[in-house]
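Work through the exercises below with the model at hand. Try each task before reading its solution.

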Amino acid sequence: MSQTITSAQFSKFEQGNVTCVYNQTLITNFNAEMLSPSYWQQSNAVTGSAQGRGTTWFVEYNDNSNTPHDWVLRHYYRGGLIGKIIKDSYWFSGVEKTRAACEFALLRHMNTLQLPTPEPIAYRVMQHGFHYQADLLSSRIEHAQDLVAILSEKALTDDIWHNIGATIKRFHQHGIYHHDLNSHNILLNDKKQVFLIDFDRGELRTNPVETNWKQANMARLQRSFLKELNKLEQFNFTEQNWQALKDGYQDADVERQN
């Protein structure tokens, strides 16, 4: 077992085929099993779960001063047709290139920019020969719901739609590409603040010439709204809502120029 400090805030933990990086300012008694649901289940610290490609676990951690922290534990699963054959195994070409390490690094970068995203807590990579499995622990956005849950219950005002568009533009202005920008990955808390989550396969794109990805991001988001509109019995989304979102996106660019 080895443990080396990678920065003043983050530490690296290695044991056998397992490599972890964790936020040592939040976790003083780190254990690699913290990246496993069974650890939290045995500690009676699971506060909830959500079903997606796999199960996302909501857990509570009490630090040395007994301050509670709400975190999200997610295992990396494959999607699409290949996910039906190979559930959660990925080709290994170095820890830093794993999906967990890349998402963790992007979260760290976005936090330094003070963008509204989860805080990175820890990740784990388990290498098995030429393949690996991985898990990510991040902070939970308090008192928040995703847009699908909210729009299934009520409509949102133009001001909120405008703010959603402006928030997305902030990420784009910093070159943050969200691989799966959809209505499930946009959260709204009880203070009407907007957050983006799930940056698996996200990237930092700073080439000033290549900007088509921004329009593709927005088109993907619009398709996700229309998909939910066609699927759900009640879903409060209209063309006016989309226009308000686009106005917020465009106005954020004007405000930056001014």
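Predicted model: local features only at pLDDT ≥ 70, side-chain atom pairs only at ≥ 80, totals over all residues.

Residues are numbered from 1 along each chain as its sequence is written, and side-chain values use heavy atoms, with hydrogens and water left out.

**Exercise 1. Describe how strands β2 and β3 are joined.**

Solution. Begin with the term: helices (H or I, at least four residues) and strands (E, at least two) are DSSP runs, numbered from the N terminus. Two strands pair if DSSP finds at least two bridges between them. Strand β2 covers residues 10–15 and strand β3 residues 18–23, and six bridges pair them in the antiparallel sense. Next, find a facing residue: V18 in β3 stands opposite Q15. Last, look at the turn: two residues lie between the strands of this hairpin, and G16 has a positive phi near 60°.

**Exercise 2. Follow the chain through β4, β5 and β6, and state which strands pair.**

Solution. Take β4 (residues 46–51) and β5 (residues 55–62) to start with: they pair antiparallel over five bridges. V46 has V59 in β5 as its bridge partner. The hairpin of β4 and β5 has three residues between the strands. Then move to β6 (residues 68–75), which pairs with β5 in the antiparallel sense over six bridges. Here V72 in β6 stands opposite F58. The hairpin of β5 and β6 has five residues between its strands, and N66 in the turn shows a positive phi of about 65°.

**Exercise 3. Find the partners of β12 and the directions of its side chains.**

Solution. Step one is the pairing with β10 (residues 144–146), which is antiparallel over three bridges. In that pair, D146 has L187 of β12 as its bridge partner. Step two is β13 (residues 194–196), which is joined to β12 by three bridges and runs antiparallel to β12. There the bridge partner of L188 is V194. The hairpin of β12 and β13 has four residues between the strands, including K192, whose phi is positive at about 65°.

Step three is the side chains. In a regular strand they alternate between the two faces of the sheet. In β12 (residues 186–189), I186 and L188 point one way, L187 and N189 point the other way, and all are buried. Buried means under 20% relative accessible area, exposed means over 50%, and partly exposed lies in between (1.4 Å probe, protein chains only).

**Exercise 4. Locate the largest cavity and the largest pocket, and classify their linings.**

Solution. On a 1 Å grid over the protein atoms alone, a cavity is a set of points where a 1.4 Å probe fits but cannot get out; a pocket is an open set with protein on both sides within 12 Å along at least five of seven lines; lining residues have an atom within 4 Å of a point. Grid points are joined across faces, edges and corners, and a volume is the space filled by probe spheres set on the points.

The whole structure has one cavity of 30 Å³ or more. The largest cavity has a volume of about 40 Å³. Its lining includes I168, F171, H172 and N217. Helix α4 (residues 158–173) gives the most to this lining, with three residues. To classify, count Ala, Val, Leu, Ile, Met, Phe, Trp, Tyr, Cys and Pro as nonpolar, Asp, Glu, Lys and Arg as charged, and the others, Gly among them, as polar. The cavity lining then has six nonpolar, three polar and no charged residues.

The largest pocket holds about 1300 Å³ of space. It is lined by 43 residues, and T56, R74, N185, I197 and D198 lie nearest its centre. This lining divides into 16 nonpolar, 15 polar and 12 charged residues.

**Exercise 5. Are Q24 and D200 buried or partly exposed?**

Solution. Q24 sits in the loop between β3 and α1 (37–42), and Q24 counts as partly exposed because its relative accessibility is 27%. D200 sits in the loop between β13 and β14 (203–204), and D200 is buried, since its relative accessible area is 11%.
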